[in-house]
Amino acid sequence: MRQGISLQDWLHTPRAQLAMRWEKAVLSRLWPRFYGHSALAIGSWGEHLPVFPPRWRVEVVGHEPGLHCGALSDLWELPLMDSSADLAILRHSLAFARSPHRLLRETDRILSQRGQLLILNFSPFSSWGLGSKLPLRAMQLPHNMRLLSANRLIDWLHLLDFRVEDMGHYGPRTPLWAERLGVNRLIQPGYFILARKQRLPVRPLQQGWRQAQPLWGGQVAMGRSRSSARVIPFPQRNA
């Protein structure tokens, strides 16, 4: 039986270092499009984050100890308050989550209104994803890593009322003809999805008028302050 490689061991391989350089370049390129002050990186994927501008407060919540994270947490129940982050970065954490959809719901909960979400993943249909099925140690990915396709994640994001703002692939440079034919998705192992919450805060309208209440005997009274309706008494019966 083939022995899998652990996440900690894989992060020290040349392929992992190469992937992190690609992802750092993606983050640096997307950084001007982020808004807010608080960013949360979820997952144990090393410390290769770009240098954040000083106005940002960045926290890292990991799921495995010893991998450069400020706090440890289960990926299905994040110990964070609602609407506490303006930006959430899921660097392959969905691939290690017991329930990726639940992690997305948790991320949706902790994001502020109109918060942004950046997902980085490896494609199961790329050279790395398909190569990991081969019995070659050099092609292995961490043994507990489950690759998810971009289309599947986009469907889940739509169900959670996210709007996908951008999507692309990263990896080795490919010629222009490969991009036109879509072959770069096979050559480039990673993809990113940038999405934003669309849910707007809603304040229930206050009732500005008093609903007419029937009085005893069928008489109807309207509110005095907002209505000019007159109260019409019933005619008096003759004795």
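1. On one side of helix H6, Asn-151 and Leu-159 are exposed (over 50% relative accessible area, with buried meaning under 20% and partly exposed in between, for a 1.4 Å probe and protein chains only). Helices (H or I, at least four residues) and strands (E, at least two) are DSSP runs numbered from the N terminus.

2. This is a predicted model, in which local features need pLDDT of at least 70 and side-chain atom pairs count only at pLDDT 80 or more, while totals for chains, interfaces and linings use all residues. Residues are numbered from 1 along each chain as its sequence is written, and side-chain values use heavy atoms, with hydrogens and water left out.

3. The buried residues of H6 (150-159) are Ala-150, Leu-153, Ile-154, Trp-156 and Leu-157. They share one side of H6, because they cover an arc of only 160° around the axis (taken from the directions from the helix axis to the C-beta atoms). They pack against helices H3 and H4 and strands E5, E6 and E7 (contact means heavy atoms within 4.5 Å).

4. Seven strands form an open, mixed sheet in the order E3-E2-E1-E4-E5-E7-E6; two strands pair if DSSP finds at least two bridges between them. The edge strands are E3 (71-72) and E6, each pairing on one side only.

5. Arg-196 lies in strand E7 (190-197) and counts as buried because its relative accessibility is 11%. Among the residues that Arg-196 touches, not counting those up to four places away in sequence, are Tyr-35, Asp-161 and Glu-165. Just after H6, Asp-161 takes a positive phi of about 70°.
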